[in-house]
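Dear colleague,

Please find below the structure that I am handing over to you, together with its sequence. My findings follow directly after it.

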Amino acid sequence: MLPYLGASRSFLKTWVTAVVVAFVCASLRVHANETNITWPAADILLGAPETLRIDGLLPGQRIMLTAREKRQGSDWLAYADYVADSRGVVDTARDPASGGTWDGVDPTGWLWSMYPVANAGAALLTQARQQKPDDQTLIARPGTAPREITLALLDAGELFAKRTIVRRRAEPDNTIEVDASLDDQLRGRVFLPKPAKAKRVGVVVLGGSFGGLLEREPRWLAGRGFPSMALGYFKYRDLPASGSHLPLEYFDRALRWFRDHQQVEVVVLMGRSRGAEAALLVAAHFPGAADAVIAQVPSHVVNNGEGTSWGDWLTDTDSMWTLEGTQIAHVPYPPSQTELAVARRRRSAERLPGYSTAPEYGQIWREADVKYSIPVERINVPVLIQAGRLDGIWPSVWAAHELEARCAPAVCDQWRTDIFDLAGHAWGLPGEITTTRASVFVKQRFTGFVSLGGTPAGNARAARVGWRSIEDFLDQLASP
């Protein structure tokens with residue numbers, strides 16, 4: 001009897017195991033058949049809310065979300081893990097990601113955290129960029145074309161669903177080249193929204209120390225209904241090649257031209273970095289030219305000129321700006337050609353994160369005479385200031401607080417300041433890749449890596465939250 005009982009027990013154990021396995025397999029088949037995926041929208045503008053939800057998973061099941069995109073001839077990839085809750089649901093707007101190129105609760109992580117597949121991860125990408133600083137396939141330049149991204153869901157490494165989506169940087173617009181046929185002095189481009197979406201607020205946008213034309217931002221604004229102008233003021237077409245001795249009257253003329261020709265009721269002057277310096281100076285010296293100002297990563301003092309090549313500011317003794325033909329008093333850049341300073345600059349420029357000018361600007365701003373301050377107490381219009389605490393170019397958070405402290409009492413309640421703790425000097429637009437935004441390689445008079453600052457997640461958040469704040473600011477101005 002005992003041998004028979006042992007055999008029976010062995011058979012029973014085998015039978016129970018088989019039943020359990022069959023049940024689990026059946027459950028998995030049911031799960032596979034009943035999984036319901038709410039994918040992100042198929043084709044929308046970058047910066048719109050994103051959603052991805054999966055129902056019908058097993059509680060505690062771990063899945064991987066990947067996003068792949070081809071850029072400049074190479075594949076870029078973002079990925080992270082999610083764990084289903086007790087109801088078998090993953091919702092990227094609610095659940096934290098882990099173990100990938102982004103973590104925490106961020107439904108847009110797959111948009112901004114991409115790395116080149118061949119150099120996936122911060123350490124490998126840093127090594128590759130240092131070895132080949134001119135290799136454009138290692139830099140996520142925004143461009144203007146739509147982003148085509150393939151999302152995939154994997155369970156234990158096995159693909160069970162995928163979808164290709166499109167994210168557009170701008171809606172089709174009516175672009176006007178501003179040239180001699182429109183005005184014999186102004187240079188730039190105007191971006192007009194669809195007539196049905198057009199709002200009563202228009203924006204004139206200024207770039208920073210590299211000159212040229214800042215087009216992506218006004219395109220983005222036009223897509224939200226705001227007629228916008230990308231205004232060149234140096235290093236563009238037949239404008240001055242040097243960022244020195246630039247007349248503030250030029251900006252006043254542009255604002256009046258834009259108001260008259262685009263028939264907008266409210267005109268906002270928006271600038272970034274040295275463009276923010278110009279915007280604040282124009283608002284202070286030309287009352288009524290702009291109805292509001294947006295100053296991104298600004299300075300609170302007038303700084304020296306930029307010269308013709310990036311790096312000329314190291315020795316330029318002139319002001320960047322003039323008023324009625326006279327240079328505006330500016331903070332002189334400190335003696336920066338000492339043996340110690342040159343050695344530090346060369347050493348930091350050879351490797352990432354690169355040469356940060358913020359300590360040098362911090363030194364000269366701390367010692368600056370009050371006469372070099374931008375007279376913001378004369379500004380009688382609403383102002384929105386945005387700054388990054390990890391700014392690698394200059395201490396823009398310090399400048400933001402200095403500007404806010406001197407606002408005119410009559411309009412102080414109309415001033416707003418956004419401080420982004422983990423952002424640098426150039427966070428870009430919502431939904432763009434930020435893994436290479438913290439530094440740039442320059443090959444002009446100054447050659448090497450320059451630190452712009454910020455973390456990928458911090459710059460992505462500043463782009464997402466900051467541009468939503470800008471849109472809210474403009475919408476408030478548009479209200480009767």
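In this predicted model, helices α4 and α10 form a right-handed crossing. Helix α4 spans residues 216-223 and helix α10 spans residues 456-478; their axes come within 12 Å and cross at roughly 55°. That angle makes α4 oblique to α10, because an angle has to be under 35 degrees to count as roughly parallel and must lie from 65 to 115 to count as roughly perpendicular. On the side of α4, the residues that make the contact are Glu217, Trp220 and Leu221, and on the side of α10 they are Trp467, Ile470, Glu471 and Leu474.

Phe226 is located in the loop between α4 and β13 (228-231). Is Phe226 buried or exposed? Its relative accessibility is 1%, so Phe226 counts as buried, the limit for that class being under 20%. Beyond its neighbours within four places in sequence, Phe226 has contacts with Leu221, Glu471, Leu474 and Asp475, and also with Phe191, Pro193, Lys199, Val201 and Val203. Of these, Lys199 is 27 residues away from Phe226 along the chain, yet their C-alpha atoms are separated by 5.6 Å.

Pro430 belongs to the loop between β20 (415-420) and β21. With a relative accessibility of 6%, Pro430 is likewise classed as buried. When residues up to four places away in sequence are not counted, Pro430 touches Trp220, Trp467, Ala463 and Arg464, as well as Leu46 and Gly47. The C-alpha atoms of Pro430 and Ala462 are separated by 8.3 Å, while the two residues are 32 apart along the chain.

Which residues of α3 (residues 122-131) are buried? They are Leu125, Ala128 and Arg129. These three cover an arc of only 100° around the axis, and therefore they are on the same side of α3.

Arg187 sits in the loop between β10 (174-178) and β11 (188-192). Its relative accessible area is 7%, which means that Arg187 is buried. The side chain of Arg187 is joined to that of Asp238 by a polar contact of 2.9 Å. Gln262 is part of helix α5 (residues 249-262). Gln262 has a relative accessible area of 17% and is therefore buried. Apart from its neighbours within four places in sequence, Gln262 is in contact with Val190, Leu192 and Trp257.

Of its 480 residues, 53% count as buried. Among contacts with a separation of 6 or more, 70% are between residues 24 or more positions apart. The C-alpha atoms fill a box of roughly 115 × 60 × 45 Å along the principal axes.

With kind regards

Terms used:
Residues are numbered from 1 along each chain as its sequence is written. This is a predicted model: local features need pLDDT of at least 70, side-chain atom pairs count only at pLDDT 80 or more; totals for chains, interfaces and linings use all residues. Side-chain values use heavy atoms; hydrogens and water are left out. Helices (H or I, at least four residues) and strands (E, at least two) are DSSP runs, numbered from the N terminus. Buried means under 20% relative accessible area, exposed over 50%, partly exposed in between (1.4 Å probe, protein chains only). A polar contact is a pair of N or O atoms within 3.5 Å; within protein, one must be able to donate a hydrogen and the other to accept it, and residues adjacent in sequence count only if both atoms are side-chain atoms. The arc is that of the directions from the helix axis to the C-beta atoms. Axes are lines fitted to C-alpha atoms, for helices over the stretch in contact, and angles run from 0 to 180 degrees between N-to-C directions. Angles under 35 degrees count as roughly parallel, over 145 as roughly antiparallel, 65 to 115 as roughly perpendicular and the rest as oblique. A crossing is left-handed if the near helix is turned anticlockwise from the far one by less than a right angle, and right-handed if clockwise. Contact means heavy atoms within 4.5 Å.
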